[in-house]
Amino acid sequence: MNPSNPTADSEPTISALSREADQMREQNAFLRTALHDMRNSLTLIIGYVQYLKKNYAGVLDELALGFLDDADDSGLKLTRITNAVSQVLYIQDHGLNRVPLDMGQIVGTVCKRLDPIIVERGAQLEIPTEWPHVLGEARFIETVWFNLFSNALIYGGQSPHITLSTTPLAHTDPKLIRFSMRDQGPGLSAEGRTLMFTPFPRLSPERSEALGLGLYVARKIVESAGGSVGVETEPGHGATFSFSLPAAD
Amino acid sequence: MTTDTKLVLVVDDDLAIQSFLKVALMDEGYQVMLAGNGAVALDLIAKTPPNVVILDMKMPVMDGWAFLKVYCASKLPTAPVISISANVGELGTVECASHFLSKPFNLDSLITLVEQYTSQN
């Protein structure tokens with residue numbers, strides 16, 4: 001250790017930090033370009049599959065149409081993956097705007113987008129009629145709700161009952177508001193709780209419908225907005241996923 | 001082209017996407033013009049005004065933003081512009097465009113938008 005500067009050997013120098021930042025910028029630029037090209041290619045793959053389904057349905061047999069449906073689904077799944085990566089990169093590069101949100105409208109939009117799945121799963125929703133005023137960027141907070149809702153609809157059990165609620169958090173500076181989503185599904189093990197909100201692989205075969213990235217993206221968005229995410233659960237007793245955002249007043 | 005055939009201008013530097021959109025739109029009964037960048041698009045619009053413009057944002061020579069800056073400030077007949085982009089970060093930041101779709105888009109959604117905008121002019 002350098003006796004004149006006890007931290008010199010253990011702390012990174014300014015030039016090392018600068019080099020690291022340059023490497024990160026270069027890596028993100030590479031990822032952005034790769035994502036852009038992937039999305040252009042996906043436009044053609046998905047586009048032609050949808051074109052064939054639309055214009056050639058009469059001359060294709062059921063098996064062939066089934067293949068096209070599978071190709072379409074895979075294209076959409078890849079699109080969701082590129083969306084997730086793009087959003088995380090965007091947040092890293094630009095951060096989030098913090099402006100007052102109309103949370104009722106955001107949740108309403110998400111419910112509308114998910115309506116076909118809500119109907120298909122026979123889900124019951126309990127949604128507050130009034131929402132506290134918080135700060136964030138609407139299009140990203142919509143993603144947070146969308147990903148949490150998707151998770152609850154898929155893993156919330158048969159005919160999932162999903163309850164939304166809000167609570168001001170005590171003793172936080174700045175003041176934070178917590179938004180919670182409770183489901184009545186099978187809940188999570190201790191290992192499951194640890195892996196939630198991380199970009200690691202899916203937890204079990206029962207969770208194979210999800211991409212495993214949605215909750216990680218939600219965490220990155222919420223943390224960038226100045227809040228945090230969490231989950232309270234016990235196996236067999238459902239799960240409550242929550243996130244907090246800074247209060248607007 | 002009959003007098004009531006609507007004209008769509010597709011502006012995209014990706015030739016494969018140009019071809020795809022041309023096929024898909026012509027099957028729906030539209031006449032289609034193609035441009036590989038914003039500058040070519042402005043020339044075409046000055047000669048043959050389209051009913052709607054489908055505009056990619058990231059292009060060489062003149063990109064979508066530069067095109068919109070000129071197009072929206074000009075006295076050219078301003079047909080509605082549907083912006084399409086493969087860059088998710090651009091979502092919601094396109095001024096003056098009538099609508100924004102991210103790539104990859106749903107074909108039915110694009111055709112519905114084209115129908116909606118061409119029926120207005």
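## Chain A: contacts and overall form

In chain A, 72% of the contacts with a separation of 6 or more are between residues 24 or more positions apart, two residues being in contact if their C-beta atoms, placed from the backbone, lie within 7 Å. This is a predicted model, in which local features need pLDDT of at least 70, side-chain atom pairs count only at pLDDT 80 or more, and totals for chains, interfaces and linings use all residues. Residues are numbered from 1 along each chain as its sequence is written, while chains are lettered from A and ligands numbered from 1 in the order in which they are written.

Along the principal axes, the C-alpha atoms of chain A fill a box of roughly 80 × 40 × 35 Å. Of the 249 residues in chain A, 31% are buried; a residue is buried if 20 or more other C-beta atoms lie within 10 Å of its own, exposed if 12 or fewer, and partly exposed in between, with C-beta atoms placed from the backbone.

## Chain A: secondary structure and sheet

Chain A contains six helices and seven strands, arranged along the sequence as α-α-β-α-β-β-α-β-β-α-α-β-β. Helices (H or I, at least four residues) and strands (E, at least two) are DSSP runs, numbered from the N terminus.

An open sheet of chain A is formed by five strands in the order β2-β4-β5-β7-β6, with mixed pairing; two strands pair if DSSP finds at least two bridges between them. Its edge strands, β2 (124-126) and β6 (229-233) of chain A, each pair on one side only. From one strand to the next the twist averages 20 degrees. Within this chain, β4 (residues 161-168) and β5 (residues 176-183) pair in the antiparallel sense over six bridges, and A:Pro168 stands opposite A:Ile177 in β5(A).

Chain B has an open sheet of five strands in the order β2-β1-β3-β4-β5, and the pairing is parallel. β2 (31-35) and β5 (99-102) of chain B stand at the edges with a single partner strand each, so one side of each is left without a neighbour in the sheet. Neighbouring strands of this sheet are turned by 20 degrees against each other on average, direction ignored.

Strand β1 (residues 7-11) of chain B runs parallel to β2(B) and is joined to it by five bridges; B:Val10 has B:Leu34 as its bridge partner in β2(B). Helix α1 (residues 15-27) of chain B packs on the sheet and touches β1, β2 and β3 (52-56) of chain B, its direction making about 170 degrees with that of β2(B). Helix α2 (residues 38-47) of chain B also packs on the sheet, touching β1 and β2 of chain B, and its direction makes about 160 degrees with that of β1(B).

## Chain B: helix pair α2 and α3

The axes of α2(B) and helix α3 (residues 64-73) of chain B come within 9 Å and cross at roughly 30 degrees. Axes are lines fitted to C-alpha atoms, for helices over the stretch in contact, and angles run from 0 to 180 degrees between N-to-C directions. α2(B) and α3(B) are therefore roughly parallel to each other (angles under 35 degrees count as roughly parallel, over 145 as roughly antiparallel, 65 to 115 as roughly perpendicular and the rest as oblique).

The contact involves B:Gly38, B:Ala41 and B:Leu42 of α2(B) together with B:Gly64, B:Ala66, B:Phe67, B:Val70 and B:Tyr71 of α3(B).

## Interface between the chains

In this model, 18 residues of chain B are in contact with 20 residues of chain A. On the side of chain B that touches chain A, α1(B) supplies the largest share, five residues.
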